[in-house]
Amino acid sequence: MLLMASGGLGLAEIAKEFPDSSVWQLLGHQTDHVQWAGCVLWDLIQPAFMFMVGIALPWSLSSRSARGQSYKIMLAHALWRSLLLVLLAVFLSSAWSKQTDWVFTNVLAQIGLGYPLLFLLAFTKSRTTWIAAFSILIVYWLVFALYPLPPAGFDWQAVGVPAEWSWLTGFAAHWEKNANFASNFDTWFLNLFPRDEAFTFNRGGYTTLNFVPSLATMTFGLLAGRLLRSDLPLTGKLMRLVLAGLLGIALGLVLDLTGICPIVKRIWTPAWTLYSTGFVAMMLAVFVALVDGLGFKRLAFPLIIVGLNPITLYCLFQLSTSFIRTQLQIHLGQDIFTIFGDLWIPMMKRASVLLVLWLIILWMYRRKVFLRL
C-alpha cells in the first residue's frame with residue numbers, strides 16, 4: 001500500500017533524464033508496470049494486496065466465531081462485503097466520468113467478485129483448498145488455450161495494440177493483448193451496462209475475468225494464513241513459505257519459458273499467478289522473520305497503521321492526489337515542489353502526497369478510526 005501511495009516517487013520519470021545510467025534505468029524500470037509480458041517490482045503491488053486478503057481471512061473468521069457469530073451470519077457479511085467492494089470500485093472508476101463507468105478491473109472489484117468463493121474455501125480442508133486453487137488455474141488456462149487466435153489480417157490497432165508492439169509468438173499468442181478469451185468476453189459483458197459509447201477494448205488490456213485466477217492468488221494467501229496460525233515453530237513456517245515461494249517462481253518461469261503460458265499481470269495468467277505469488281510468499285517470509293523472529297516490531301509501526309486502514313489509504317490515493325498537491329502549493333507556496341530543482345519535481349510531488357496520506361492514516365490510527373466493510 002505504501003508503494004502504491006508513493007507513486008514510485010517519480011523514479012520512472014526522473015530516470016528518463018539519465019538514459020546512460022544503469023542505476024537510474026534499473027530504478028525507473030522497477031517502478032513502472034511492464035508493457036505486457038514480464039514482471040517488475042511495481043507489478044507485485046496488486047498480487048501482494050490480494051494475497052494479504054487471503055492471509056487475513058482466517059483471523060477474521062476466528063474473531064467472528066469467538067464473538068458467537070453463526071456461519072449464516074458470516075456468510076451474509078461476506079456477501080455484503082463483496083457487494084460493497086464492487087460498488088466502491090465502480091464509484092472510484094467513475095470519479096472523473098460524466099456517468100457511472102461500469103467496469104470491474106479495479107483491484108477492489110476483483111477482490112469483491114472473488115471474495116464469496118474465498119469465504120467458502122476458508123471452511124474446507126487444506127487439501128481441498130490446494131486442489132481448488134490449482135483447478136482454477138488449470139481450467140482458466142484451458143479456456144484461453146482453446147480459444148481461437150485472431151484471423152490473418154486482424155486489425156490490431158482497432159483494439160488498442162500499436163504497430164510497434166512486442167508480440168507474443170507461437171502458442172503464447174493465445175494470451176495476446178485485447179485478442180484473448182477474457183477481452184472478448186468484456187466486449188459482450190460490459191456492453192450490457194449503460195454507457196455513452198460501446199465498449200471495444202481496455203487500453204491497458206485489463207479484463208473483468210481477471211478475478212477468476214486472482215481468486216487463486218487469494219486462496220494461496222488463505223493457505224499462508226492458516227500456516228501462520230498453526231502450531232508449527234517459526235522456523236518451520238519460514239521454511240514452508242520460502243519453499244512455496246521458490247516453487248511458485250520456478251513453475252511460473254517454466255510455463256513462461258516453454259511458451260505454455262506467458263507471465264502477464266494485466267490478464268492474470270496462471271503463470272503470472274504462480275510467479276507473483278512466489279515472490280509475495282518470499283516477501284512475507286522476510287517480514288515474518290524480521291518482526292516475529294528478530295522482534296523488529298517498532299520498525300514495523302509505519303506499516304502497521306497502513307495495514308489497519310488499507311482501503312481508506314487506497315480510496316484517498318485514488319481521489320485526493322491532485323487536491324493534496326494543490327493545497328500544498330496554496331499553503332506552502334507555488335514553488336514548494338521545485339526547492340531541489342526541476343529535475344526532482346516528480347519525486348517531490350509524490351513524496352509530499354505520500355507523507356500527507358500517511359499522516360492522515362496515523363491520525364485515524366491514534367483515534368482508533370478504522371474503515372470496516
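Predicted model: local features only at pLDDT ≥ 70, side-chain atom pairs only at ≥ 80, totals over all residues.
Residues are numbered from 1 along each chain as its sequence is written, and side-chain values use heavy atoms, with hydrogens and water left out.

Start with the largest pocket, which holds about 2100 Å³ of space. A pocket here is an open set of points on a 1 Å grid over the protein atoms alone, where a 1.4 Å probe fits, with protein on both sides within 12 Å along at least five of seven lines. The volume is the space filled by probe spheres set on those points, which are joined across faces, edges and corners. Lining residues have an atom within 4 Å of a point. There are 46 of them in the largest pocket, and M52, L303, G307, L308 and P310 sit closest to its centre.

Helix 4 (45-66) gives the most to that lining, with 13 residues; helices are DSSP runs of H or I, at least four residues long, numbered from the N terminus. By class, the lining has 38 nonpolar, 3 polar and 5 charged residues. Nonpolar means Ala, Val, Leu, Ile, Met, Phe, Trp, Tyr, Cys and Pro, charged means Asp, Glu, Lys and Arg, and the others, Gly among them, are polar.

Now for the second largest pocket, at about 1500 Å³. Its lining has 43 residues, with S93, T105, N106, Y206 and Q318 nearest the centre. Helix 13 supplies the largest share, 4 residues.

Notes. Helix = DSSP H or I, 4+ residues; strand = E, 2+ residues; numbered from the N terminus.
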